[in-house]
Amino acid sequence: MIYKVSYVVVGKPHMGTIVNLDAPPRVGDQVQLGDELCEVAEVVDLIPPSEDFAYLHVTCRLVQEAA
Amino acid sequence: MSITELLQRCELFARLTPEQIERIAALGQGVVYNAGEVVIREGEPSDEMYVIRSGMVEVLVSRGVIPDVPGPPQLTPLVSLGQGQFFGEMALVDRGARSATVRCVRDGTVLYVIPRQAFWALCDSDHHIGYIVMRNIASDLSFKLRHRNIQVKLAGGEP
């Protein structure tokens, strides 16, 4: 399964990111979005999976701002 | 990762057979970009679509451009895209000018570039490929729109 993931960041203007992953993100994971380190706060299905693709939406909160 | 493997992992080509993907892989070529390089510029004519083989790009739109005022437009970032994502697909559908600027974020970002004309010729010769790809483009545009809707909600309605 390929996980197409839409990331958004709460609490700060952030453009968000879309990327394909081999494994689904989980709550508590830390992820680097551009220059910023974020923590996954919520993972939901954005739309139902289809064939080899799952479509996830991830809400993150900022752990460390870009320098 | 080979071009064929890249395209097999790209949603745009989901549900195509390995043979069909090989035919698409033969159409394009890989190009390397460095951080800060502009791949496509808003308002310019469009002739290619891009699949991100490695690295990251950011999609930006100009805001508040005032005609006859010199200087570059102010660019607002919309989203960043990583491996397996694609952009420039709207050109395949509507042949319009680029709707956004796309700039590389990381050095050594590798993009696989597919020329529109060659791709359309392939779709014309094999309607199954054309049907599947157009359905996948619609699905991806829907995904990006949903992502954007959430962004707008988080921003309190400010696009």
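Among contacts in chain B between residues at least 6 apart in sequence, what percentage join residues at least 24 apart? The share is 77%, where two residues are in contact if their C-beta atoms, placed from the backbone, lie within 7 Å.

The model is predicted: local features need pLDDT of at least 70, side-chain atom pairs count only at pLDDT 80 or more, and totals for chains, interfaces and linings use all residues. Residues are numbered from 1 along each chain as its sequence is written, while chains are lettered from A and ligands numbered from 1 in the order in which they are written.

**View 1. Chain B contains five helices and eight strands.** Helices (H or I, at least four residues) and strands (E, at least two) are DSSP runs, numbered from the N terminus. Along the sequence of chain B, the pattern reads α-α-β-β-β-β-β-β-α-β-β-α-α. With a radius of gyration of 16 Å, close to the 15 Å that the globule rule gives for 159 residues, chain B is as compact as a globular protein of that length. The radius is taken over C-alpha atoms, and the rule is 2.2 Å times the number of residues to the power 0.38.

View 2. Strand 2 of chain A and strand 5 (residues 74–81) of chain B run parallel and are joined by two bridges. T17(A) stands opposite S80(B).

**View 3. The contact between the chains takes 20 residues from chain A and 22 residues from chain B.** On the side of chain A that touches chain B, strand 1 of chain A gives the largest share, five residues. That side divides into eleven nonpolar, six polar and three charged residues. Ala, Val, Leu, Ile, Met, Phe, Trp, Tyr, Cys and Pro count as nonpolar, Asp, Glu, Lys and Arg as charged, and the others, Gly among them, as polar.

**View 4. H127(B) is found in helix 5 (residues 127–154) of chain B.** H127(B) is exposed because 9 other C-beta atoms lie within 10 Å (exposed: 12 or fewer; buried: 20 or more; partly exposed: in between; C-beta atoms placed from the backbone). From S99(B), H127(B) is 28 residues apart in sequence and 27 Å apart in space, C-alpha to C-alpha.

Technical notes: Pairing = 2+ DSSP bridges.
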